[in-house]
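This report goes through one protein structure, moving from single residues to the overall fold and back. Keep the sequence and the 3D view open while reading.

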Amino acid sequence: MYLVDVVLPLPIYKTFQYLSSTFILPGVRVLVPFKSSRLIGIVRLCEPVEKLGENLRSIEEILDEKPIINFFLIEFLDKIAEYYIAPIGVVYKIALPSGLFSLPSKRLYLTCEGKEALEK
């Protein structure tokens, strides 16, 4: 199991931890449960964990195959939030394109039969 540190686009001064069964590169968007809703966040750090903590929820879905922002931009945005004493989620939301954190109203999924048809 991996402990994933996720930045959510909220006016809060901290990041949130979730569990994942696979390693996720920093800079990848993920869909996570937050209170009674679901939000899109950006992975800041992913590290293996042996002992599972209490009340940790799992990531619902990995939205990107490759990181949409690189490690240097993550580090830069973290330093901006620290320097200006600003909520880290707000810094990420302002610095990145607005559509990155919005959840689409409709999502389409390809079934196993559809995948097989595309391969033929």
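## A buried aspartate

Asp 64 has a relative accessible area of 14%, so it counts as buried, the cut-off for that class being under 20%. The model is a predicted one. Asp 64 sits in the loop that links strand E5 (61-62) to helix H1.

Which residues does Asp 64 touch, if its neighbours within four places in sequence are left aside? They are Val 28 and Arg 29. With Arg 29 there is a polar pairing: a polar atom of the Asp 64 side chain is 3.0 Å from the backbone nitrogen of Arg 29.

## The protein as a whole

The protein contains 3 helices and 5 strands. Read from the N terminus, the order of elements is β-β-β-β-β-α-α-α. The C-alpha trace extends about 55 × 35 × 30 Å along its principal axes.

Of the 120 residues in the protein, 35% are buried. Contacts can also be sorted by how far apart the partners are in sequence. Taking the contacts between residues at least 6 apart, 63% connect residues at least 24 apart.

## Two strand residues

Ser 20 belongs to strand E2 (residues 16-20). Its relative accessibility is 7%, so Ser 20 is classed as buried. A polar atom of the Ser 20 side chain lies 2.7 Å from the backbone oxygen of Thr 22. Beyond four places in sequence, the contacts of Ser 20 are with Met 1, Tyr 2, Val 4 and Ile 59.

Ile 62 is part of strand E5. Leaving out neighbours within four places, Ile 62 is in contact with Thr 22, Ile 24, Val 28, Arg 29 and Val 30. Tyr 83, in contrast, is 21 residues from Ile 62 in sequence, and the C-alpha atoms of the two are 30 Å apart.

## How H1 and H2 pack

Helix H1 covers residues 71-83 and helix H2 covers residues 88-95. The two pack with their axes 9 Å apart, at an angle of about 125 degrees. H1 and H2 are therefore oblique to each other. Their crossing is right-handed.

Which residues make this contact? On the H1 side they are Ile 74, Leu 77, Asp 78, Ile 80 and Ala 81, and on the H2 side Ile 88, Val 91, Tyr 92 and Ala 95. By type, 8 of the residues in the contact are nonpolar, none is polar and 1 is charged.

## Tyr 92 in helix H2

Tyr 92 is located in helix H2.

Apart from neighbours within four places in sequence, Tyr 92 is in contact with Val 7, Ile 42, Arg 44, Ile 69, Ile 74, Leu 77, Asp 78 and Phe 101. Among the residues that H1 brings to its contact with H2 are Ile 74, Leu 77 and Asp 78. Tyr 92 and Leu 77 are 15 residues apart along the chain, and 6.7 Å separates their C-alpha atoms.

Most residues other than glycine have a negative phi.

Lys 35 is not a glycine, yet its phi is positive, near 55 degrees. Lys 35 is placed in the loop between strand E3 (29-34) and strand E4 (37-48). With a relative accessibility of 68%, Lys 35 is exposed, since that class begins over 50%.

Where is Ile 85 placed? Ile 85 is in the loop between H1 and H2. Its phi is also positive, at about 50 degrees, although Ile 85 is not a glycine. Ile 85 counts as exposed because its relative accessibility is 65%.

Definitions and conventions
Residues numbered from 1 in each chain as written. Predicted model: local features only at pLDDT ≥ 70, side-chain atom pairs only at ≥ 80, totals over all residues. Heavy atoms only, no water. Axes fitted to C-alpha atoms, helices over the stretch in contact; angles between N-to-C directions. Helix = DSSP H or I, 4+ residues; strand = E, 2+ residues; numbered from the N terminus. Parallel < 35°, antiparallel > 145°, perpendicular 65-115°, else oblique. Left-handed = near helix turned anticlockwise from the far one by under 90°. Contact = heavy atoms within 4.5 Å. Nonpolar A, V, L, I, M, F, W, Y, C, P; charged D, E, K, R; others polar. Buried < 20%, exposed > 50% of the residue type's maximum accessible area, 1.4 Å probe, protein only. Polar contact = N/O pair within 3.5 Å; in protein donor to acceptor, adjacent residues only side chain to side chain.
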